[in-house]
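The sequence and the structure are shown first.

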Amino acid sequence: MNKYYDVLIVGAGAAGLYAALQFPKEINILLISKRELSLSNSSLAQGGVACVLDTINDDYKLHIEDTLTAGKNKNNPEAVEVLVREGPGDVLKIKELGVDFDLDSKGELQKTLEAGHSRHRIVHHKDSTGKAITDALIAQVLRRKNVDVCDNTLLFSLEKAEGGFVAGLLTSGGEKSFASAKYCIMASGGIGRVYQYTTNSAIATGDGITFAYKLGADIKHLSWIQFHPTAFAAENDRERFLISEAVRGEGAYLLNCNGERFVHKYDKRGELAPRDVVSNAIMLESAATNSEKFYLDITYKDPEFVKNRFPMIFENCLKENIDITKDRIPIFPCQHYLMGGIDVDLHGRTSVDRLYAAGECSHTGVHGANRLASNSLLEALVFSRRAAQDIIARLADDSTPAPEIPEEKPRTKGKELPHGYRTEIRRLMQECHFVIPRPELVPGNLRRAQEILDDLENGGYELSRDYVEARSLATVAVIVLKEVLEENDA
Ligand SMILES: Cc1cc2nc3c(=O)[nH]c(=O)nc-3n(C[C@H](O)[C@H](O)[C@H](O)COP(=O)(O)OP(=O)(O)OC[C@H]3O[C@@H](n4cnc5c(N)ncnc54)[C@H](O)[C@@H]3O)c2cc1C
């Protein structure tokens, strides 16, 4: 690994990988991921990527309308326009780069329907689209000579300096070092791990948002969090396996603890209502039945069809002793996606010069208050490419060298992190800002989150991954709860 780079990319999900692939060979890139390259929210994506590829049976205008309706018209219309019109080009590009999308009998990309979409426009690879995308992009990035890829390398600090940034890096072996870059693209993913139960992978601790916030970047709508109604309700697992919307799309019923369908009592669209509506219905029915037991039932469909259509869901449920062709699937809502994040313009620029953000950690405004299914991989592709293009254009006239790396070594020793902070943060977020918020609990929970954050900032703790992630979770909780409090007071 070098020490001086043109661009540092933090993250190896769809956003970070696709950004890296945009740069010509003269521009040298450092791409880091804090765990193995395959561990990201991107690689967990099941359903697919939404885009208009067939302008006879579909229309950009319809995709735009569907996105705005799902987002409760709180979207940035300009960003939605860019997403929808430019997205198809990026989807075709990643196909060219080796993503194995499913094809129909005519050899064209197969397009499926998901809740909230008025047309069949979701391209996919069975029910593991994210892995197909990241596998192909990782293979491409590893071939690029201008990209140094460092997995198991955590960003633990990011300081602004004349001409760029100095980044503190910590490897899984415990080695600490600094690297310098003229530009930084934060592509560090979401915040799911701030909740007790989430579909997000272990990396989703809001680190990038925390570093951007510390640098003074504008953070917008961090309390706009999406809860998925149907995550597999495993007894003890924090990371909950998603039972994709497509299962309801194919006709599965949602049942309460008494085996009764109930969603139509709360919304006439029944099981096919948008995510937030179905999650709400489950919470209201939970209060009405005084039970958290809920099920998805697709047992009345042909078993061969179910196994072929949902091979990954079938296999994962089987590991939990549930055969979805015969048994009802236990489900409950959990945290799934972050609509807000580091505020960026249409070129991924944050309010801090030279700092860019893309993917789930960013707020482009495309999702409004509620993301339309399968729009997030598309957002990651379109806006990470735009960020990279903007940096390429700026680098052409930028003769400032990357900042000098400080002489002093990163801090090595410190106090051991006390047990329980992460658990406490998760509990207090789950308690007051879950599907149906409880504003009366916010002031007390915010005070406690702030106390934890103050201690983490000032307690002289050893710089470890555990420490950095605990600090990020506390920072995210404080920003979210402050925003909720301000909105309630307004
Ligand atoms: C179960 C599940 C199913 C989904 N299904 C779909 C779907 O069908 N369609 C769709 O459009 N979207 C779907 N999504 C959402 C979508 O997958 C994500 O929003 C999107 O992939 C995020 O991509 P990203 O590149 O921004 O972040 P990620 O893919 O999460 O990548 C983040 C990267 O940042 C790195 N990182 C984080 N912090 C640090 C640090 N401090 N130092 C170094 N590296 C760091 C991580 O190691 C990782 O490499 C799904 C999400 C989940 C969880």
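**Whole chain**

The model is predicted. Its chain has 13 helices and 17 strands. The radius of gyration is 22 Å, close to the 23 Å that the globule rule gives for 490 residues, so the chain is as compact as a globular protein of that length. Along the principal axes, the C-alpha atoms fill a box of roughly 65 × 55 × 45 Å.

Of the 490 residues, 59% are buried. Among contacts with a separation of 6 or more, 73% are between residues 24 or more positions apart. The chain exposes about 20000 Å², and 47% of this area comes from carbon and sulfur atoms. There are 59 positive and 71 negative side chains, and the centres of these two sets lie 1 Å apart.

**Aromatic cluster**

The structure holds seven aromatic pairs. Two of the pairs involve Phe227, and their geometry is set out here.

| Pair | Centre to centre | Angle between planes | Arrangement |
|---|---|---|---|
| Tyr195 and Phe227 | 5.6 Å | 85° | edge-to-face |
| Phe227 and Phe434 | 5.1 Å | 70° | edge-to-face |

Why is the pair of Tyr195 and Phe227 called edge-to-face? Its planes stand at 85°, and an angle over 60 degrees counts as edge-to-face. The pair links distant parts of the chain, 32 residues apart. Tyr195 sits in the loop between strand 9 (176–186) and helix 5 (207–214), while Phe227 belongs to strand 11 (residues 225–232). Both residues of this pair, Tyr195 and Phe227, are buried.

Which parts does the pair of Phe227 and Phe434 tie together? Phe227 lies in strand 11 and Phe434 in the loop between helix 11 (421–432) and helix 12 (442–458), so the pair joins parts that are 207 residues apart in sequence. Phe434 is buried, as is Phe227. Tyr195, Phe227 and Phe434 together form one aromatic cluster.

**Helix 5**

The buried residues are Asp207, Gly208, Ile209, Thr210, Phe211 and Ala212. Just after helix 5, Gly216 takes a positive phi of about 95°.

Terms used
Residues numbered from 1 in each chain as written. Predicted model: local features only at pLDDT ≥ 70, side-chain atom pairs only at ≥ 80, totals over all residues. Heavy atoms only, no water. Helix = DSSP H or I, 4+ residues; strand = E, 2+ residues; numbered from the N terminus. Rg over C-alpha atoms; globule rule 2.2 N^0.38 Å. Buried < 20%, exposed > 50% of the residue type's maximum accessible area, 1.4 Å probe, protein only. Contact = heavy atoms within 4.5 Å. Areas by Shrake-Rupley, 256 points an atom, 1.4 Å probe, with all protein chains shown as cover. Lys, Arg positive; Asp, Glu negative; His and termini not counted. Charge placed at Lys NZ, Arg CZ, Asp CG, Glu CD. Phe/Tyr/Trp six-rings, centres within 6.5 Å; stacked < 30°, edge-to-face > 60°.
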